[in-house]
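Good morning, everyone, and thank you for making the time. Please take a moment with the sequence and the model before I walk you through a few places in it.

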Amino acid sequence: MAKAIPEVILSCGDDILAIPVIGMGSAYPAPDPETDKAAVLEAIKAGYRHFDTALVYGSEKYLGQAISDAVRLGLIKSRSEVFITTKLFASFAEKDLVVPALNMSLRNLQLEYVDMYIIHWPFKFGGEVKSMPVAKEMVLPLDLKSVWGGMEECKRLGLARGIGVSNFTCNMLQDLLSIAKIPPVLNQLEMSPAWQTKKLNDFCKAKGIHVTAYSPLGGANSRVGDDRVLRSNILEDIAKAKGKTTAQVSLRWVYEQGVSMVTKSNNKERMKQNVDIFDWSLTDEELEKISHFPQRKAVTFASIVGPHDLIVDIDAQL
């Protein structure tokens, strides 16, 4: 029987959204379409209802096809049973491009709306980008007021039920809150025992902004992460004592920070293990041990986009 995944209730304008605390993220680069679709269907069978994608991932079409197949197969009754998040890529971070970019994503997804639309990166590209890293002159600051105006228009048009951001620092969020007519409901950011982002998480809580964590296992297979979470002696000892896996201990720690998260796995057993974290908890002593987990250096964007001044400054604040 599929595990029931708890939800967090969010309010965005006149919409009340229930976001499952664990979602399935998209692999990047996306695998072949059939593998991607099969993974989504297996995730639905395992109880997942939140699916996270982005235009730049190349997975929107496959996710949309999988959701359509899930309804046809009777795995879910309707599209309304799933929570879909997608993202505005940096090449489209201009006021007049925001709505067209979301419409492009909706066509890919075969949907009339998404549940959450977020600004993917806290900067923009001054043109089309075909590969990374990019030239210094391509990386520009966001015109936050105008871009957020485009995000608010997506909300007003009913194309997105909720709007938010990703990888925004405390200063960026403060600036956004000062000009937003519809405040951001969510900030998606990296969080794991190896990258705990306590200051930023506490700031978001104080401002009523929900946090969704990506790379909750440290991003072992990504360009910016490593395997220090999965090979941690601290987490392994806790896992052995509880009869759990190291990954489950890491996910439970993230959950106990009061955030939701997106995980990535095409393995059926690991999908099930990843949602088997709700009927047990970490002790105060275990939480104290994890609080001293060695933190990795902040190189999130510099390693992807390039070590440009704007990028290095953002990394330093995350």
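Let me begin with Tyr-57, which the UniProt annotation "active site", taken from an unreviewed entry, covers. Please keep in mind that what we are looking at is a predicted model.

Now let us turn to the core. The largest nonpolar core has 99 residues, and the members that touch the most others are Phe-51, Tyr-117 and Phe-125. The element that gives the most to this core is helix α3 (residues 95-109), which supplies six residues. If we take Phe-51 and set aside its neighbours within four places in sequence, we find it in contact with a list of residues that includes Met-24, Val-40, Ile-44, Leu-63, Ile-67 and Phe-83.

My last stop is Ala-213, which belongs to strand β11 (residues 210-214). Ala-213 is buried, with a relative accessible area of 0%. Which residues is Ala-213 in contact with, leaving aside its neighbours within four places in sequence? They are Leu-189, Met-191, Val-254, Val-259, Ser-260, Met-261 and Val-262.

How values were computed:
Residues are numbered from 1 along each chain as its sequence is written. This is a predicted model: local features need pLDDT of at least 70, side-chain atom pairs count only at pLDDT 80 or more; totals for chains, interfaces and linings use all residues. Side-chain values use heavy atoms; hydrogens and water are left out. UniProt positions are given in the numbering used here, feature names are shortened, and annotations may be inferred rather than shown by experiment. Helices (H or I, at least four residues) and strands (E, at least two) are DSSP runs, numbered from the N terminus. Buried means under 20% relative accessible area, exposed over 50%, partly exposed in between (1.4 Å probe, protein chains only). Contact means heavy atoms within 4.5 Å. A nonpolar core is a set of buried Ala, Val, Leu, Ile, Met, Phe, Trp, Tyr and Cys residues joined through side-chain atoms within 4.5 Å.
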